[in-house]
Amino acid sequence: MLSKDAWGALLKTLEEPSSSTVIILVGDGRQMLSTVLSRCLKLNMQPFSLRLLEKFAESKGIKASPEILDLSFGSPAEVIRLSQSKESLELNRQQITQCKNIKKMGFA
């Protein structure tokens, strides 16, 4: 979503970074210039499986219900947040319900 000039500036930064520079680009790579991608270390980040989330919760002494594990969408940080905050858990429930209701509406 960058302009041509912005891509050029980013490319220059990637080619001549200072010794203390760390740049993290997040995306699927489809909209990035190949010259930018060629200068990046690519890390494929996948969500944790339910089993790994269970092991994580156990290792941290967190009692995470199956619902919390499911609503975390593979994120250990979400397991912690949802386990510690009833308000966050309820908000997530409401958001999921809203999304399901929107899906039922169909398209017009």
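Reader: Is phenylalanine 73 buried or exposed?

Author: Phenylalanine 73 is exposed, with a relative accessible area of 61%. The cut-offs: buried is under 20% relative accessible area, exposed is over 50%, and partly exposed is in between, with a 1.4 Å probe and protein chains only.

Reader: Where does phenylalanine 73 lie?

Author: In the loop between α4 and α5 (76-84). Helices are DSSP runs of H or I with at least four residues, strands are E runs of at least two, and both are numbered from the N terminus. Phenylalanine 73 also has a positive phi of about 50°, although it is not a glycine.

Reader: And what's this model built on, before I go on?

Author: It's a predicted model, so to speak of local features takes pLDDT of at least 70 and side-chain atom pairs count only at pLDDT 80 or more, while totals for chains, interfaces and linings use all residues. Residues are numbered from 1 along each chain as its sequence is written, and side-chain values use heavy atoms, with hydrogens and water left out.

Reader: OK, salt bridges. How many does the structure hold?

Author: It holds 6. The criterion is a side-chain nitrogen of Lys or Arg within 4 Å of a carboxyl oxygen of Asp or Glu.

Reader: Which residue does arginine 93 form a salt bridge with?

Author: Glutamate 67, with the closest N and O atoms 2.7 Å apart. That pair links distant parts of the chain: arginine 93 is in helix α6 (residues 86-105) and glutamate 67 in helix α4 (residues 66-71), 26 residues apart. Arginine 93 counts as partly exposed because its relative accessibility is 32%, and glutamate 67 is partly exposed as well, at 33%.

Reader: Which residues are linked with those in a network?

Author: Glu67, Glu90 and Arg93 are linked in a network of salt bridges.

Reader: What about glutamate 54, which residue does it pair with?

Author: Arginine 51, and there the closest N and O atoms are 3.0 Å apart. Both lie in helix α3 (residues 50-59), 3 residues apart, about one turn of the helix. Glutamate 54 counts as partly exposed at 32%, and arginine 51 is partly exposed at 45%.

Reader: And lysine 12?

Author: Lysine 12 forms a salt bridge with glutamate 16, at 3.3 Å between the closest N and O atoms. Lysine 12 is partly exposed at 48% relative accessibility, whereas glutamate 16 counts as exposed at 54%.

Reader: Switching topic: which residues form a nonpolar patch on the surface?

Author: Val22, Ile24 and Val26, with about 390 Å² of accessible area together. Areas come from the Shrake-Rupley method with a 1.4 Å probe, and for residues only the protein chains shown count as cover. Patch members need over 30% relative accessible area and no salt bridge; like charges are joined within 9 Å, and nonpolar side chains (Val, Leu, Ile, Met, Phe, Trp, Tyr) within 5 Å. Valine 26 is found in the loop between α1 (4-15) and α2 (34-37), and it is exposed at 77%.

Reader: Last one: which residues lie nearest the centre of the largest pocket?

Author: Leu25, Cys40, Leu41, Lys42 and Leu43, out of 21 lining residues. On a 1 Å grid over the protein atoms alone, a pocket is an open set of points where a 1.4 Å probe fits, with protein on both sides within 12 Å along at least five of seven lines, and lining residues have an atom within 4 Å of a point.
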